[in-house]
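Have the sequence and the 3D view side by side. This short report walks through the chain, one topic at a time.

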Amino acid sequence: MTEADMTDQRAFSPELKQKLFHEGYICSYCGNVILSVDDAEVDHVMPYSLGGETVESNAQLLHRHCNREKNNIIDADWSTEEDNQD
Ligand SMILES: [Zn+2]
């Protein structure tokens, strides 16, 4: 019925970003407070490339630069063994 809406399902709306943002919001990537909504981007908790949906329940805010860094890591190599140094 609304298949036209399927064209750009990857992008979250600016309205959702405003809705999610609140004072003291913690970036889940670096653990620091996001001070301004202008410094935030909406990110998929479950990556879109892995089937995560573009819905509010799968949305989180990250710093703009953190979101970029995270995406770079996922794109580069998601299966590195960096945690095996116990
Ligand atoms: Zn951050």
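## Contacts and the model

Contacts between residues 24 or more positions apart make up 51% of the chain's contacts with a separation of 6 or more. Two residues are in contact if their C-beta atoms, placed from the backbone, lie within 7 Å.

This is a predicted model: local features need pLDDT of at least 70, side-chain atom pairs count only at pLDDT 80 or more, and totals for chains, interfaces and linings use all residues. Residues are numbered from 1 along each chain as its sequence is written.

## Confidence

pLDDT is the predictor's confidence in each residue, from 0 to 100. The chain's average pLDDT is 84, and 76% of the residues score at least 70. Strand S2 has the highest confidence, at 97. Helix H2 (residues 64-76) has the lowest, at a mean of 82. Where pLDDT is low, the predicted coordinates should not be read in detail.

## The elements

The chain has two helices and two strands. Starting at the N terminus, their order is α-β-β-α. Helices (H or I, at least four residues) and strands (E, at least two) are DSSP runs, numbered from the N terminus.

S1 and S2 run antiparallel, joined by five bridges. Strands pair if DSSP finds at least two bridges between them. Across from Ala-59 in S2 stands His-44.

## Buried residues and the core

A residue is buried if 20 or more other C-beta atoms lie within 10 Å of its own, exposed if 12 or fewer, and partly exposed in between; these C-beta atoms are placed from the backbone. Of the 86 residues in the chain, 12% are buried. S1 is mostly covered, with four of its five residues buried.

Which residues form the largest nonpolar core? There are seven: Cys-27, Ile-34, Ala-40, Val-42, Leu-61, Leu-62 and Cys-66. S1 and S2 are the elements that give two or more residues to this core. A nonpolar core is a set of buried Ala, Val, Leu, Ile, Met, Phe, Trp, Tyr and Cys residues joined through C-beta atoms within 7 Å.

Take Leu-62 from that core. Beyond its neighbours within four places in sequence, Leu-62 is in contact with Cys-27, Ser-28, Tyr-29, Ala-40, Glu-41, Asp-43, Asn-67 and Lys-70.

Gln-60 sits in strand S2. It counts as partly exposed because it has 17 C-beta neighbours inside 10 Å. Leaving aside neighbours within four places in sequence, Gln-60 is in contact with Ser-28, Asp-43 and Val-45. Its C-alpha atom is separated by 9.8 Å from that of Ile-26, 34 residues apart along the chain.

Leu-16 belongs to helix H1 (residues 14-20). Leu-16 has 16 C-beta neighbours inside 10 Å, so it counts as partly exposed. Not counting residues up to four places away in sequence, Leu-16 touches Val-42, Glu-56 and Ala-59. Leu-16 and Val-42 are 26 residues apart along the chain, with 8.1 Å between their C-alpha atoms.

Val-55 lies in the loop between strand S1 (40-44) and strand S2 (59-63). Why does Val-55 count as exposed? Because it has 11 C-beta neighbours inside 10 Å. Val-55 is 44 residues from Ala-11 in sequence, and 9.8 Å from it in space, C-alpha to C-alpha.

Leu-35 is in the loop between H1 and S1. Leu-35 counts as exposed because it has 12 C-beta neighbours inside 10 Å. Leu-35 and Gly-24 are eleven residues apart in sequence, and 7.0 Å apart in space, C-alpha to C-alpha.
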